[in-house]
Structures are given as structure tokens and as C-alpha cells.
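Subject: Structure for your review

Dear colleague,

Please find below the structure that I am handing over to you. My notes on what was found in it follow directly after.

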Amino acid sequence: MDDPDSPSASAGFPAAFRLRLRFAETAANDVRKALAAEFGLREAGTATGPLVFLDTFEWSLWFAGLVLWEQGGCLRLGAREDDWIGAELATMPIAGATPRFAEDLSNSPLGGIVRPLIGLRALLPVARVEVHHTLIELLDANRKTVLRLDLQEVGGRSERVLVVHGRPLRGYEPEALRAAEVLARFAAEESAEGPLIRAFRRLGREPRAYTLRPNFELSADLPAREAVRHIVSRMLAITRENERGIIEDVDTEFLHDARICIRKIRAVLSLLKDVYPPEETKRLKATFSRLGRETNRLRDLDVELLARADFAARLPSALRDGLNEMFADFAEARAEEQQRIAARLASADHRREMEALARFFGETDGLAPSAASDVPVGPLAAAQIYRRYRKIRKLGRKLGPNTPDAEIHAVRVQGKKLRYLLEFFSELFDAGELKPLEKQLRRLQNRLGRFNDLAVQQRALWAYWETRRATQEAPVELALSLGGLVSLLHRDQQEEREGVHAALEEFASAPVAARFEAMFDPPSVAEEISGEMAP
Amino acid sequence: MKVWSAYSIKGGVGKTALAVNLAYALREAGQRTLLVDLDPQGAAAFYFRVAPAETNAVTKKGKLMGDLLRANIRESDYPGLDVLPSNLAYRNFDLMLDRMKKSRKQLRRLLGTLKADYDYAVLDCPPNITLLSENVFRASDRVIVPVIPTTLSLRTYEQLRDFFRREELPAERIAPFFSMVQSRNRLHADTMTELRNAHPDFLATVIPFSAEIEKMGLHRKPVLAYAAPDSRARAYQALCDELRARDDQ
């Protein structure tokens, strides 16, 4: 009822207004004096409290132009305005601990906005700001309240900012306007650096765009080894950025992203052959393959646990409880595995290995040139991209309704390689021409991904059942639930198969093929690399 | 939006205090409430420190204008409770209503334009039975009538019932209650017993005579906003609860 943005302050009436005022030691008093010249003033209370701002590792909310904060047992979402809270959009009471994941946000309007933005990411405290509120009521000659002001002194002593929120009362808009005019005399100029950025700095953070597709600063004539160096060192840096989140077990996306980086490094090392001497290539491939393998189990367990809600939704309610024990087992196994991985990543061994790799890819490696080390990367990349595309086309032609899952999986692996190549070298090609091809590929990969996920899930459930049967008593409820679930997953997978065929057919179609050929296999390029790239 | 009207043929029976405090009690119960001051004396708005309306909601052509009415709505100092202040021109209300088509349903139509904004409208009506009162009766879900337990008050209450019967208005809309009751007054006690027997529709809650209620003009606030938690003036709260419970039946 007292919410300033409640529907009773309905359309057609001026909404609450906000102003950020120039700061001076006496700003609050100056403002008061100026207002007192035109209105009666009544102080209606003061309050001091911390605002704890929340966002994800990727600053998902910040970059969506939003701020989310916890204040007095409530989670509040506002528009970000002039580096502070602007219009308040939604509020959600907090029952227990501060919500951390999308699933902790109830079906409130706040949840509706925040959930899709954060995905699987955890909400973390990113800033803590002390705010001192003074509530002031402006009165008319009848001592009737005509405007409520919330004077907020924000931030530490040395860098305090004054923010004024005004809430006009219905029917007293002219008075509100007059007060706003008085306040505007004190308004600060808009600046990039406001109370929030300063608060982030105090915690040693700053909003920055996070991406798994950074710019590698490549050019077509860059020697291949240099290009690989650029790509790997960047991906290594992102891997390391994610390690803390894995160690502290913030959310599942840190591991997921770190694994993508490792996979991309492996891909670039194997796709651009001969940029290093053979024994060096072998050593690097083995190292990164091990780094990837190490976290396979943890990722599998993450994926299984993340499927919980989906599994529950698929099963009739009577069959849901049968899975509780399984998920408890998964959770226990995951906790154990997480600790193992955290210890491994925090170890001096690991740190030394990562630092050595960073050094190796950081500057010149001092190794002798190899067969492809000095080949310009542009044509090499184009040839590889075209080869991958043709390979997928060829594999796709062989697929039929009875193709084993493994062969469909092989298409997906090739698709991934192609996708990574396009991502690595997108800088070298015309973005406008590349985009539709990437989109086409993404469509195919999404289909293949879903198909594969359904297959993997069935296998994981079977595997769990086998171990349960071999090692301990397997209750009939579990058998029922697993049986039901596997059947449903199997049916969905069969349905997905048709989608995979259709997507592949489209991807292999003549127009798409022609576009790949035109972009990556123009006659001149073919001639140039024909000697080096013979299979 | 439900419409509750504080109405009495006779003046000085605690009608405005009823309207003001019912509106306040509804707001306390989380209901978005509009207090409509139809009494040209403007006492209801006075208690909320709201100045009389500047714009006459009745144009010269005699048309009630919803937009003009909306422009006159003032938010009280209690968020969730708005006041539509009275205007002296309401004195000519009857005259103008008389000239209009469907003259008995104009108020109802007008209030209808506000129904999205409020859960309740509480009307403080001028005394007497006039065309405006008839508009009030047709627009209201409840006509709440303060009755001082005296023989004279009884007569005016029965006049109202007669009027409802004559005009074929639903009598169950009328919700009478005893107002300004002096607990040590023997006559009051006897009249109340007698009346309750004759009219079982009287509300159980009784509003006592209280110096605290009389001081509303001094405070310029509803008595519920300043009365002590154990004050007898809290009866308005109980009255509101009883009326809402009756609505729910």
C-alpha cells in the first residue's frame, strides 16, 4: 500500500521522480533551506541501512540496464539510471537466505524478469552501499502533505552523493512540479561514474563484458603459429578466470565455460595441423586432453543434477519420489568430486602447469619452424572450414532412420569443430556473409545437441541402475521411475531424430553448400593451399 | 468497486465522522479507497486538510464530467486513501440533475468511471431526501445510516425505509447502526432494546458518544488515526469489519 509505485499512483498521474544532486558537505541542508522557502517541511523519519547489490559473474543484470539489490528483507529490482537506482520495477520478499539461483526466485514479477537473464548463473553480492534516508513531507498552507521526499545520502563520507526521490500525491502535481524545480537547481550533471561504480571499485570489481568469443586480433596474413598463439593464450586466460568460481563452487557455469575453453584449445591445436613440430603438438594435445578429461565426471554430475526439474516435469507425480534417492546419490557424489577438483585446481602443481602454458603461448616459443608454422592463417583457416563442412555433408548423406546414435554423435563432433573454426576466424571473413551460415550451423547443432543429451541421459540412468543393482538393494519405486523416465526420453529422442535429419538436409542443401564454397573455397585459395592441405 | 454511503435524513448524527473513519478503516485494511464528499459543507475533506475542489464537476450544460471529477481527486496523507473534496456548487446539484436524462442514475454512471482505481468508494452525503440522495441510493451497495437512539431519530429512519419501499429500492441495502450512544443514558439503552426488536437489521456495533471523536476538528484527522489503541473510538474499526463481513455473506 505504501509502495511508491503501487497501482493507485495510476496512469495519467506523474510517476515518482528522481534526481541526483551535486554533492557538497552541506548539500542536504541547502536543499532543505531552499524547499522551506516555498513549503512547510516536516521530517517524517530517518533510516540508515545497507543496500547489497547482486549480479552474476557475467554482470548479466548490469548489462541489461538493471540493478538488483537486497534491502530490509526484500529483493528489489530497478532500472539502472545515471549509475544508480532509477525507476523501481519489482519487489520480492525474501523468506530465508538471499536467493542465489533462478530457481530461488519465486514466480513473482521480479523472478519473471531476472530468471531468464541470469540463466544458470549464481547471484553474487557485487557491492554494498550505505544509504542514509531522510523522509521529508512538504506541506501546504493547511499543513496537508503535498509531496513526499526521500533524501538519500549514498556512499562513504568522502564520496557521498545525494539522491532525491520524490513521490507526488495524486491531485498535488503542481506542487510536486514546483518542488522539482527547486531541487533541479542542485542537480548534478550526468556522469559515467556514480555511486555504484565507486562501490564496485571498493570491492575491487568493475562491470566488464564477459565472452567466450573474444576478439583474437587476427589478420589473414598472420603466420599460422602466431594466430594459434593468440587464440590459445586468450582461451587460457578465460579458463583461468573461471577457476575461482569452480573452486568456490559458485555456479555450474564456471566449469562449463572453462571446459569449453579447453575444448576450443584442443580444437585449434588439432585443426591447424603442423603449426608446431610433431612431438610438441603431441605433448600439447595430451596436456589439454588431460585437462579436459579431469573434469568430465564433475560436469556429468552437474548435468544430471540440472536435469532434475525436467525429469520431475516429465514424470507423473506418483513416479517422482522414486528418483529422490538417485538425486541424493548424485548430489553426494558431486560434492565429493567438486572438492577433489577444487583441491586440484588450487594446487601448486596445477598453478605451475597453467603458468607454464600461459608462458608458452604468451610470447615467442623459441621452437624451430614447422611445416605450417609460417603459412598465412587466412587461407589455412578457410581450407579447414571448407573441409569440415564437406565432411559433415558426407556424414549426413549416410544417415538414415537406423543409424546408430554414435554416428549421429560423430556428426555433432564435426559440427562442433566447424563451429569453433568459424568462431576463431570470424574476424577474417565478412560478418554479413558469415552470419547466416553460423545461424544455419547453430540450428543443426541445437538439434544434434538435444538428440545427444537425450541419449546421454538415458545412458546415465541405465548406468546408475546397473551400479545400484550390483552394489545395494534397488527399490522397486526406483525401477518404476527409471523405467518410465528412460521410455519417455527414448521416445523424445526418436522424435528428435527426425528433426536432426531435416536440419542436416538443410545444412547439406545446394544453396548452403554453394555459400560455403564461395566463401571458403574460391578457386585462388584452392590452388594456393592444395599442396599443403592434401589429406 | 463497492460503494458505501454514509447517509442520514437528519443532520448532526455523526454522519461525517462515520464516512471519514470508515474510509480510513478500509484503507487500513489494505483497500484502495476514495472518500467522496458530496456534502456542500465540505466537512469530510476538511478532516483530511484537503482544500475544496476548484473545478466544478458539473458543467453549465448540466453534464457530469468524469474527467473533471478525476482532476479533483486528492491523495490524502494516508497512501491508499484519496479524497474527492466537495464544491460549493454541489448546492445546485439537484437542480442540474433534474434537467438531465436518467437523472436518478447519473451518480452511479459517474462513479463507474473510477472503478478501476479503487476497491471502495465511501460517500458522505448531504442530509434530506433529494434527487441527489436518490442518486446515492441507486449508486450504493450499502447505505449506512447513523441513528441516535431517540424517538425522533427512529421516525426519520422509518421515513427512509418508506422511501425505499415507495421507490422500489432494495431495503437490504440499508445498514443502520446506533450512533453517539451515551452508555449511562437510560433512555438510550431502552430505545436501543426496543429498536433492535423492531428492526433486527441494526448492526451489532455501536458508536459511542466520545469527546475524542468530537476533537477530530482540532486534529483534522480521522479519530482512528490518533485514538489510543484501547479507545472507545476504535468502534469504527469494528463497524467497518462488521460491514465487510455482511458484504461477504
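Contact means that heavy atoms lie within 4.5 Å of each other. With that cut-off, residues 24 or more positions apart account for 77% of the contacts in chain B that have a separation of 6 or more. Please keep in mind throughout that this is a predicted model.

**The two chains**

I shall begin with chain B. Chain B contains 12 helices and eight strands. Of its 249 residues, 56% count as buried.

Chain A may be described in the same terms. Chain A has 535 residues, of which 48% count as buried, and its fold includes 18 helices and eight strands. For contacts in chain A with a separation of 6 or more, 71% are between residues 24 or more positions apart. The accessible surface of chain A comes to about 25,800 Å², with 52% belonging to carbon and sulfur atoms.

**Where the chains meet**

The area buried between the two chains is about 1,500 Å², and carbon and sulfur atoms give 43% of it. Arg49(B), Glu75(B) and Asp77(B) supply 39% of the area that chain B buries against chain A, which is more than any other three residues.

Five salt bridges are counted between chain B and chain A. In one salt bridge, Asp117(B) pairs with Arg170(A), and the closest N and O atoms are 3.3 Å apart. Asp77(B) also belongs to a network of salt bridges, in which it is linked with Arg42(A), Glu137(A), Lys144(A) and Arg148(A).

**Salt bridges within the chains**

A search of the whole structure finds 50 salt bridges over all chains.

In chain B, the side chains of Asp124(B) and Lys15(B) meet in a salt bridge with an N to O distance of 2.8 Å. Asp124(B) lies in strand S5 (residues 120-124) of chain B and Lys15(B) in helix H1 (residues 15-28) of chain B, so this pair ties together parts that are 109 residues apart in sequence. Both Asp124(B) and Lys15(B) are buried.

In chain A, a salt bridge joins the side chains of Asp405(A) and Arg497(A), at 3.2 Å from N to O. This pair links distant parts of the chain, 92 residues apart: Asp405(A) is in helix H14 (residues 405-425) of chain A, and Arg497(A) is in helix H16 (residues 476-507) of chain A. Are these two partners buried or partly exposed? Asp405(A) counts as partly exposed because its relative accessibility is 29%, whereas Arg497(A) is buried because its relative accessible area is 8%.

Glu130(A) forms a salt bridge with Arg128(A), and their closest N and O atoms are 3.5 Å apart. Glu130(A) has a relative accessibility of 37%, so this residue counts as partly exposed.

**A buried glutamate in chain A**

Glu243(A) is placed in helix H5 (residues 224-247) of chain A. Its relative accessible area is 8%, and therefore Glu243(A) is buried. Which residues does Glu243(A) touch, not counting those up to four places away in sequence? They are Leu345(A), His350(A) and Met354(A). With His350(A), the side chain of Glu243(A) makes a polar contact of 2.6 Å.

**A nonpolar patch on the surface**

Finally, Leu89(A), Ile113(A) and Leu117(A) form a nonpolar patch on the surface, and together they have about 230 Å² of accessible area. Leu89(A) is found in strand S5 (residues 84-93) of chain A. Its relative accessible area is 45%, so Leu89(A) is partly exposed.

Yours sincerely,

A colleague

How values were computed:
Residues numbered from 1 in each chain as written. Chains lettered and ligands numbered in written order. Predicted model: local features only at pLDDT ≥ 70, side-chain atom pairs only at ≥ 80, totals over all residues. Heavy atoms only, no water. Patch = residues over 30% accessible without salt bridge, like charges linked within 9 Å, V, L, I, M, F, W, Y side chains within 5 Å. Areas by Shrake-Rupley, 256 points an atom, 1.4 Å probe, with all protein chains shown as cover. Salt bridge = Lys/Arg side-chain N within 4 Å of Asp/Glu carboxyl O. Helix = DSSP H or I, 4+ residues; strand = E, 2+ residues; numbered from the N terminus. Buried < 20%, exposed > 50% of the residue type's maximum accessible area, 1.4 Å probe, protein only. Buried area = accessible area lost by both parts, 1.4 Å probe. Polar contact = N/O pair within 3.5 Å; in protein donor to acceptor, adjacent residues only side chain to side chain.
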